[in-house]
Amino acid sequence: MIRARIIGTGGYLPTNIVSNADLAARVETSDEWIVERTGIRQRHIAAEGEFTSDLATAAAVAALASAGIAAADVDLIVVATATPDQTFPACATVVQKKLGMTHGVAFDIAAVCSGFLYALTVADALITSGAHRNALVIGAETFSRLLDWEDRATCVLFGDGAGAVVLRAETGTGAATDRGILAHRLHSDGRYNDLLFVDGGPGSTGTTGKLRMKGREVFRHAVVNLAAVVGETLGAIDLTPADIAWIVPHQANFRILEATAKKLDLPIGRIVVTVDAHANTSAASVPLALDTAVRDGRIKTGDLLLLEAMGGGFTWGAAAVRW
Ligand code: UT7
């Protein structure tokens, strides 16, 4: 059978770092409140004229270098983003142009913070069906441009960034010992649209709008949904949380990571945490965390990784990956 294996990772963070103290100078908040409630200490913010496609392209170039393949070898680009440079064309086609490619298929996925899990699932399906061989799967966001910088309840939570992986078609046995993507599960429930949304759009107000969130309610759903989808994904391949070497989660709030670890009966030390340094980068957070833990040597060949995320929609999902 065909397995899609992650053969390279890359990340990109804008150079401008904004600390909690910097934000406390703009809105009524404090470093203590932000660290205690979220674990966030700083975030990266894109420069003027630096767009989501630029962040995505930089992460893609790094991922291609680590995979040891050229853009010419890629035949599929899927970009997960809620902050494309323009309403259309798809950010993925802008990345395709910036990589100098004139072939292949490129499109975007809109699932906000769960976007990378959705993109990975779609790319895995296109590879395992035999339709494509080498895919770039990217999560990239400039959420700073969706924020209401006067709303302290949301503006302290997010940052900009991009992460990317290269997937390659390989031959597997079908067993859970294979390297590559072993299983995934996605969910959405539109009844919760109004707990996390942007109050504008091209088809309604004709404006971009600003992010609005009922944080406490999102938090409650996140812990329940994430633990459930992790169990469901592992169950599909007859494994349990005890088999997980590393959870690579969406980075919304350190307290969500702690609560999820507790529900799965895993020590917090087995969770890759980047929320302190990156804040919530929406679709970019899972591939950025993955790239961080691959590059610092924590993730080793044969490790079972569990990627998971939850976001606006609601949308949520998980993927089990053998490294
Ligand atoms: O990525 C998509 C998924 N998103 C998430 O998963 C986010 C989930 N939610 C959360 O992470 C948390 O709910 C937040 C970090 C957003 C908020 O933490 P919380 O412990 O749920 O606080 P809260 O919203 O209940 O607010 C507590 C208090 C309020 O004051 P009162 O009403 O108790 O007087 C807020 O007005 O904290 C106040 N507050 C702040 N104070 C200082 C809210 N934001 C701030 C702030 N600085 N930045």
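Q: What covers the faces of strand S4, and which residues sit on each side?
A: In this predicted model, both faces of S4 are covered: Leu76, Val78 and Ala80 on one side, and Ile77 and Val79 on the other, are all buried. Buried means under 20% relative accessible area, with a 1.4 Å probe and protein chains only. Strands are DSSP runs of E with at least two residues, and helices are runs of H or I with at least four, numbered from the N terminus.

Q: Why is S4 largely enclosed?
A: Five of the five residues of S4 (residues 76-80) are buried, so the rest of the structure largely encloses this strand.

Q: Which way do S4 and S5 run, and how many bridges join them?
A: They run parallel, with five bridges joining S4 to S5 (residues 105-109). Strands pair if DSSP finds at least two bridges between them. Ile77 stands opposite Ala106 in S5.

Q: And what about S6?
A: S4 is joined to S6 (residues 134-142) by five bridges, also parallel, and Val78 stands opposite Val137 there.

Q: Switching to the ligand: how far is its nitrogen atom from the side chain of Thr29?
A: A ligand nitrogen is 2.6 Å from an N or O atom in the Thr29 side chain.

Q: What about Asn280?
A: An oxygen atom of the ligand is 2.7 Å from an N or O atom in the side chain of Asn280.

Q: Anything on how this was set up?
A: Residues are numbered from 1 along each chain as its sequence is written, and side-chain values use heavy atoms, leaving out hydrogens and water. Local features need pLDDT of at least 70 and side-chain atom pairs count only at pLDDT 80 or more, while totals for chains, interfaces and linings use all residues.

Conventions: Buried < 20%, exposed > 50% of the residue type's maximum accessible area, 1.4 Å probe, protein only. Polar contact = N/O pair within 3.5 Å; in protein donor to acceptor, adjacent residues only side chain to side chain.
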